Amino acid sequence: EYQARTLLDELRGRPEVEIELARWAVEAGDFGGAIEALIPVATRSSIPRAVRADAWSVIAVSRDLSGDGDGALVASEAALDLDPKSAKPYITLAGLAQGRGDLESALEHLRRAWGMDPANVRLLLRIASVAEQAGKAADAILALERAVEIEPGSARIASLLVELQVRTGRYSDAATTLSRALDRHPTDPSLLRLADRLPREIGIR
C-alpha cells in the first residue's frame, strides 16, 4: 500500500488520482482533507461528469462521517444530478439513509443502484442485508438468488441464501438450494454443516 500511495502522490493533479487519495484519507479519518482535495475536482466543469459525480460521492461520505448530515445529502444530490445513470450516488444515498435508521429509503436507493448495475454481486449482498433488516424477507431472498445466478461458483453466497431461507421458514426452498449447491461444491465445509443442520431445524420447527 505504501508503494501504491507513493506512486499516486507522484500523479497528483489527475482527478481520478485525487479521488483515490481522498478515499484513503477518509479511511484514515482525515475527512476535512478529503473534502478539501475533492471540491476542486467536483466543481471543475472541464472534468467529465461521471468523475465529478464520483468526487461528490466521496465528499458526501466524508461530510457524513464528520457529522455534517445536511452537507452529505447536498453532496449526494449533486452527484446524482451529474450522473443519474451511475450506481454510486444511489449507493451513497443508501448509506446515508441507513446511517439515520431509514431502512426503507436505503433499500429504495439500493434498488435504484441495482437497476444501474445489475451484475454487481456486492451490491446484491448489501440489498439482501438491508432488506432483511427492514423485514422484507422476500426482497432479501430475491437479491441472494440473483447473486447465486451471477456467481454460481461461490459456495459462500449459496450458504447465505440457504441460511436466509431457513431463518424465514422456507425449508423446501432451502433444501433445494442446498442440494444444488452441494452438487457444485460437494466438499465445502459450510454447505456440509448446513446439510447436517437442516434436518434438525425442520424437526425443531
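The legends below describe close-up views of a predicted model.

**Figure 1. Overall fold of the predicted protein.**
The secondary structure consists of 12 helices and zero strands. Along the sequence, the pattern reads α-α-α-α-α-α-α-α-α-α-α-α. Taken along the principal axes, the C-alpha atoms fill a box of roughly 60 × 40 × 30 Å. The protein has 205 residues, and 42% of them count as buried. Among contacts between residues at least 6 apart in sequence, 45% join residues at least 24 apart.

**Figure 2. The largest pocket.**
This pocket has a volume of about 550 Å³. Its lining is made up of 14 residues, and V61, I91, T92, R122 and R126 are those nearest the centre. Two or more lining residues come from each of α2 (15–27), α4 (49–65), α6 (87–99) and α8 (121–133). By class, the lining has five nonpolar, four polar and five charged residues.

**Figure 3. The second largest pocket.**
The volume here is about 220 Å³. The lining is formed by E145, V148, E149, A158, L161, Q165, D173, T176, T177, R180, A181 and R184. Helices α9 (137–150), α10 (155–167) and α11 (171–184) each give two or more residues to this lining. The largest share, six residues, belongs to α11. Sorted by class, four lining residues are nonpolar, three are polar and five are charged.

**Figure 4. The largest nonpolar core and the surroundings of A147.**
This core contains 28 residues. Those with the most contacts inside the core are L110, L125, I127, V130, L144, A147 and I157. At least two core residues are supplied by each of α6, α7 (103–116), α8, α9 and α10. Helix α8 gives the most, with eight residues. Leaving aside neighbours within four places in sequence, A147 is in contact with V121, L124, L125 and I157. Another core, of 20 residues, lies apart from the largest one. Its members include I35, L38, A53 and A55.

**Figure 5. S76 in helix α5.**
S76 is placed in helix α5, which covers residues 69–82. The relative accessible area of S76 is 0%, so this residue counts as buried, the limit for that class being under 20%. When neighbours within four places in sequence are left aside, the contacts of S76 are A60, P89, T92, L93 and L96. Of these, T92 is also one of the residues that lie nearest the centre of the largest pocket.

**Figure 6. The salt bridge between E20 and R23.**
The closest N and O atoms of E20 and R23 are 3.7 Å apart, and the pair forms a salt bridge. The cut-off for such a pair is 4 Å. Both residues belong to helix α2; because they are three residues apart, about one helical turn separates them. E20 is partly exposed, at 29% relative accessibility. R23 is likewise partly exposed, with a relative accessible area of 28%. The count of salt bridges in the model comes to 10.

**Figure 7. The salt bridge between K88 and D54.**
In this pair the closest N and O atoms are 3.2 Å apart. K88 is partly exposed, with a relative accessible area of 43%, whereas D54 is buried, at 12%.

The side chains of R200 and D196 meet in a salt bridge, with an N to O distance of 2.8 Å. Helix α12 (residues 189–204) holds both residues; because they are four residues apart, they are separated by about one helical turn. R200 is partly exposed, at a relative accessible area of 48%. D196 also counts as partly exposed, with 49% relative accessibility.

Methods:
Residues are numbered from 1 along each chain as its sequence is written. This is a predicted model: local features need pLDDT of at least 70, side-chain atom pairs count only at pLDDT 80 or more; totals for chains, interfaces and linings use all residues. Side-chain values use heavy atoms; hydrogens and water are left out. On a 1 Å grid over the protein atoms alone, a cavity is a set of points where a 1.4 Å probe fits but cannot get out, and a pocket is an open set with protein on both sides within 12 Å along at least five of seven lines; lining residues have an atom within 4 Å of a point. Grid points are joined across faces, edges and corners, and a volume is the space filled by probe spheres set on the points. Ala, Val, Leu, Ile, Met, Phe, Trp, Tyr, Cys and Pro count as nonpolar, Asp, Glu, Lys and Arg as charged, and the others, Gly among them, as polar. A nonpolar core is a set of buried Ala, Val, Leu, Ile, Met, Phe, Trp, Tyr and Cys residues joined through side-chain atoms within 4.5 Å. Buried means under 20% relative accessible area, exposed over 50%, partly exposed in between (1.4 Å probe, protein chains only). Contact means heavy atoms within 4.5 Å.
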